[in-house]
Amino acid sequence: MGKFYTQTNLQIDDKQAYRVFDGKKQARLGTEKNPAILSVQTEERRAELEKEFLENGWFCQIHVDEEVAEDTSALQLLKDTPKTVVLEKVPGRNDPCLCGSGKKYKKCCA
């Protein structure tokens, strides 16, 4: 080893590494294992949110506390889930043209 070698550069705290990732997959938000946690100020708002969760089949825990500000960020995450976008297949240079001329794409419409 060279003179710049220090043992601390190669040491890894294995216990810390296992605490960071325990090998278990986190459950999706809104499921029975990972319910959405909300806090509201009134019982009427709680009933309104419970109805919305039941309609969508999501699980939640709603806490009512008049002194705490309303926190419905988990509901916004569930509502705004990104949708999968499917793109049309673009023909390659040497594929037949989509217009039906029988020519290669590169000589017709490209």
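# Close-up views of a predicted chain

**View 1. The side chains of Glu48 and Arg45 are joined by a salt bridge, with 2.8 Å from N to O.** A salt bridge here is a side-chain nitrogen of Lys or Arg within 4 Å of a carboxyl oxygen of Asp or Glu, and the structure holds four of them. Glu48 and Arg45 both belong to helix 2 (residues 43–56), and because they are three residues apart there, about one helical turn separates them. Glu48 is partly exposed at 46% relative accessibility, and Arg45 is likewise partly exposed, with a relative accessible area of 22%. In these legends, buried means under 20% relative accessible area, exposed means over 50%, and partly exposed lies in between, with a 1.4 Å probe and protein chains only. The model is a predicted one, in which local features need pLDDT of at least 70 and side-chain atom pairs count only at pLDDT 80 or more, while totals for chains, interfaces and linings use all residues. Residues are numbered from 1 along each chain as its sequence is written, and side-chain values use heavy atoms, with hydrogens and water left out.

**View 2. Arg45 also meets the side chain of Glu70 in a salt bridge of 3.1 Å, N to O.** This pair links distant parts of the chain, since Glu70 lies in the loop between strand 2 (60–64) and helix 3 (73–79) while Arg45 lies in helix 2, 25 residues apart. Glu70 is partly exposed, with a relative accessible area of 39%.

**View 3. Glu52 and Lys79 form a salt bridge through their side chains, at 3.1 Å from N to O.** Here too the pair links distant parts of the chain, with Glu52 in helix 2 and Lys79 in helix 3, 27 residues apart. Lys79 counts as partly exposed, at 42% relative accessibility.

**View 4. Ser39 is a residue of strand 1 (residues 36–40).** Is Ser39 buried or exposed? With 16% relative accessibility, Ser39 counts as buried. Leaving aside residues up to four places away in sequence, Ser39 touches His63, Val68, Ala69, Glu70 and Asp71, where a contact means heavy atoms within 4.5 Å.

**View 5. A patch of positive charge on the surface gathers Arg93, Lys104, Lys106 and Lys107.** Patches are made of residues with over 30% relative accessible area and no salt bridge, with like charges joined within 9 Å and nonpolar side chains (Val, Leu, Ile, Met, Phe, Trp, Tyr) within 5 Å. Lys and Arg count as positive and Asp and Glu as negative, whereas His and the chain ends are not counted. Lys104 is placed in the segment after helix 3, and Lys104 is partly exposed, with a relative accessible area of 42%.

**View 6. The whole chain has three helices and two strands.** Helices (H or I, at least four residues) and strands (E, at least two) are DSSP runs, numbered from the N terminus. From the N terminus on, the elements follow the order α-β-α-β-α. Of the 110 residues of the chain, 15% count as buried.

Terms used. Accessible areas come from the Shrake-Rupley method with a 1.4 Å probe; for residues, only the protein chains shown count as cover. The place of a charge is taken as NZ of Lys, CZ of Arg, CG of Asp or CD of Glu.
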